[in-house]
Amino acid sequence: MRGTTVLPGEDGGTGGRGALPMHRLEVPMPDAVPFAIGTFDTIGPMSRAAFPHRHTFYEIVHVTAGRGAHVADLARWPLRPPHLGFLTPGQVHHWEGAADVDGSVVLFTEDFLIDHPGDRQLLRRLGERPWPTLDERAAEWTARLLADLHDEYDRGADGRPSVLRALLHVLVVRAARLYDAHPAAPGRAGGRPGAVAEEFTRLIGRGDPALWSVRACAAAVGVSAGHLAEAVKTATGRTPGQLVREARVHEAKRLLARTDLTVRQVAARVGFGDPAYFCRFFRRETGTSPGDFRRGAEAGGGIHHDRRVQSIVRP
């Protein structure tokens, strides 16, 4: 994909000289969908990059042929195709000694998950898993789903964004079953940092304003606010407050893109009594106003791309 990558030695917005390069994706405004699928060849040379780098987006890799290894977060996994692998924003990865690698690459931004916000947690868990060789049955349904995604993306028919989101959701859920990557059941968080963080992210992803409070979530999980903060920071590298803000922004985006609620009503739904304060909050977090976001969503198939979110250009 042309013009999507900051190469080694260039400033990718990740801290300047000496920082890991950031592979970024750009969407032509305002009518592109923040999703792309192609082969390793059509996506471009960065699909097999041999130097460590990060992404601003999610990547799903279906490897059907090839030799070498894939390295993610310092773990090295030899290629024994077929594989189905998942990478999340911020993960460091590269290909080592890759030769004759073939298959499919799926790229999409956080905003593309607007219909299925729970998939964010599944994708984070899948990103922690190795890339085992698929058995015959898993290889068959994976190939069928990827073929459907390719076909829908290439045809560009009416309703394409919704169909792509539905097919992607099926792929993520089935992969989570395959790799045993589903979140823990409610009420079973216990004291482990990972389990506490999983229950916390599940709660704030429900879209309930009553749970967009660190104290309320701590009470629901059954731990102290201090323990929750420590567990979430340990497991995710981020504070509960940061994740709550992200959840509120995501719910606001969903309501702006999917409903006819006024901005005042959306503000109330996400816990803001003052619409003006909500507008300032939304602009600070996304780089655009609620009104501009909605207009972009209407023009772009139900989704808008924040100016500060680097997303995807179709080849």
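Student: Which residues does H70 touch, not counting residues up to four places away in sequence?
Tutor: Contact here means heavy atoms within 4.5 Å. H70 is found in strand β4, residues 58-72. With sequence neighbours up to four places away set aside, the residues that H70 touches are A75, R76, W77, L87, H93, H94, W95 and W131.

Student: What kind of model is this, and which residues do the totals for chains, interfaces and linings use?
Tutor: Residues are numbered from 1 along each chain as its sequence is written, and side-chain values use heavy atoms, with hydrogens and water left out. The model is predicted: local features need pLDDT of at least 70, side-chain atom pairs count only at pLDDT 80 or more, and the totals use all residues.

Student: Is H70 buried or exposed?
Tutor: Relative accessible area decides this: under 20% is buried, over 50% is exposed, and the range between is partly exposed (1.4 Å probe, protein chains only). The relative accessible area of H70 is 0%, so H70 is buried.

Student: What separates the C-alpha atoms of H70 and W131?
Tutor: W131 is among the residues that H70 touches. The two lie 61 residues apart along the chain, and their C-alpha separation is 8.8 Å.

Student: What is omega for the peptide bond that joins P81 and P82?
Tutor: Most peptide bonds are trans. The bond between P81 and P82 is cis. P82 sits in the loop between β5 (75-78) and β6 (83-87). Omega of this bond is about 5°.

Student: What is phi of D100?
Tutor: Most residues other than glycine have a negative phi. D100 belongs to strand β7, residues 93-108, and is exposed at a relative accessible area of 58%. Its phi is positive although D100 is not glycine, with a value near 55°.

Student: At what angle do the axes of α2 and α4 cross?
Tutor: Axes are lines fitted to C-alpha atoms, for helices over the stretch in contact, and angles run from 0 to 180 degrees between N-to-C directions. The axes of α2 (residues 119-127) and α4 (residues 160-178) come within 10 Å and cross at roughly 50°. On a scale where under 35 degrees is roughly parallel, over 145 roughly antiparallel, 65 to 115 roughly perpendicular and the rest oblique, α2 is therefore oblique to α4. The crossing angle is roughly 50°.

Student: Which residues make the contact of α2 with α4?
Tutor: By class, the contact has 7 nonpolar, 1 polar and 1 charged residues. Nonpolar covers Ala, Val, Leu, Ile, Met, Phe, Trp, Tyr, Cys and Pro; charged covers Asp, Glu, Lys and Arg; the others, Gly among them, are polar. The residues are D119, L122, L123 and L126 of α2, and H169, V172, V173, A175 and A176 of α4.

Student: Which residues is R120 in contact with, leaving aside neighbours within four places in sequence?
Tutor: R120 is found in helix α2. Its relative accessible area is 8%, so R120 is buried. Beyond those neighbours, R120 is in contact with Y58, E110, L113, E246 and H250.

Student: How do the residues of the contact of α8 with α10 divide by class?
Tutor: The axes of α8 (residues 240-258) and α10 (residues 275-286) come within 11 Å and cross at roughly 105°, which means that α8 is roughly perpendicular to α10. The contact is made by R245, R248, V249, A252, K253 and L256 of α8 with F278, F281, F282, E285 and T286 of α10. They divide into 6 nonpolar, 1 polar and 4 charged.

Student: How many disulfides does a search of the whole structure find?
Tutor: A disulfide is a pair of cysteine sulfur atoms within 2.5 Å. The search covers the whole structure, and its count is 0.

Note on methods. Helix = DSSP H or I, 4+ residues; strand = E, 2+ residues; numbered from the N terminus.
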